[in-house]
Amino acid sequence: MGLGGCIILIAVGAVLTFATDWDMQGVNIDLVGVIFMIVGLIGVATFSSIARRRRVVMPPTTPVVDDRPHPHTRDGYHNGYGA
């Protein structure tokens, strides 16, 4: 369940708890709404902690300097422009 699902659970739970006056035998609608809100909050907390771990911060890269001598030397006879 993603962040959107958790927010929907919180919203549905709030509607069931605060905005309805339905009566069902054997079911306490207010309690069901509170349970939905608690599960939604737990989901948001879990999702945010997992998303924080996934976020990778790359350290700034340092330029690489190659100090090895170049394998081709120019000696006047073979300067790279011909045989």
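What percentage of the 83 residues in the protein chain do buried residues make up? Buried residues account for 13% of the 83 residues, where buried denotes a relative accessible area under 20%, exposed over 50%, and partly exposed in between (1.4 Å probe, protein chains only). The legends below describe a predicted model, in which local features need pLDDT of at least 70 and side-chain atom pairs count only at pLDDT 80 or more, while totals for chains, interfaces and linings use all residues. Residues are numbered from 1 along each chain as its sequence is written, and side-chain values use heavy atoms, with hydrogens and water left out.

**Figure 1. Overview of the protein chain.** The secondary structure consists of two helices and zero strands; helices (H or I, at least four residues) and strands (E, at least two) are DSSP runs, numbered from the N terminus. The accessible surface comes to about 7500 Å², and carbon and sulfur atoms hold 64% of that surface; accessible areas come from the Shrake-Rupley method with a 1.4 Å probe, and for residues only the protein chains shown count as cover. Of the contacts (heavy atoms within 4.5 Å) between residues at least 6 apart in sequence, 49% join residues at least 24 apart.

Figure 2. Thr17 lies in helix 1 and counts as buried because its relative accessible area is 14%. Two backbone oxygens are shown with its side chain: a polar atom of the Thr17 side chain lies 2.8 Å from the backbone oxygen of Gly13, and the side chain also reaches the backbone oxygen of Asp30 at 3.4 Å. Such polar contacts are pairs of N or O atoms within 3.5 Å; within protein, one atom must be able to donate a hydrogen and the other to accept it, and residues adjacent in sequence count only if both atoms are side-chain atoms. Leaving aside residues up to four places away in sequence, Thr17 touches Asp30, Gly33, Val34 and Met37.

**Figure 3. Close-up of Thr20 in the loop between the helices.** Thr20 is found in the loop between helix 1 (3-18) and helix 2 (29-54). With a relative accessible area of 18%, Thr20 is therefore buried. Its side chain reaches the backbone oxygen of Leu16 at 2.8 Å. Thr20 touches Val15 and Ile29 when residues up to four places away in sequence are not counted.

**Figure 4. Nonpolar patch on the surface.** Ile8, Val12, Leu31, Val34, Ile35, Phe36, Ile38, Val39 and Ile42 form the patch, with about 740 Å² of accessible area together. The elements that contribute two or more residues are helix 1 and helix 2, and helix 2 gives the most, with seven residues.

Figure 5. Ile8 is placed in helix 1 and is exposed, with a relative accessible area of 54%. Ile42 is found in helix 2 and counts as exposed because its relative accessibility is 52%. The C-alpha atoms of Ile42 and Cys6 are separated by 8.3 Å, although these residues are 36 residues apart along the chain.

Figure 6. Ser49 lies in helix 2 and, at 23% relative accessibility, counts as partly exposed. A polar atom of the Ser49 side chain lies 2.9 Å from the backbone oxygen of Thr46.

Key:
Patches are made of residues with over 30% relative accessible area and no salt bridge: like charges are joined within 9 Å, nonpolar side chains (Val, Leu, Ile, Met, Phe, Trp, Tyr) within 5 Å. A salt bridge is a side-chain nitrogen of Lys or Arg within 4 Å of a carboxyl oxygen of Asp or Glu.
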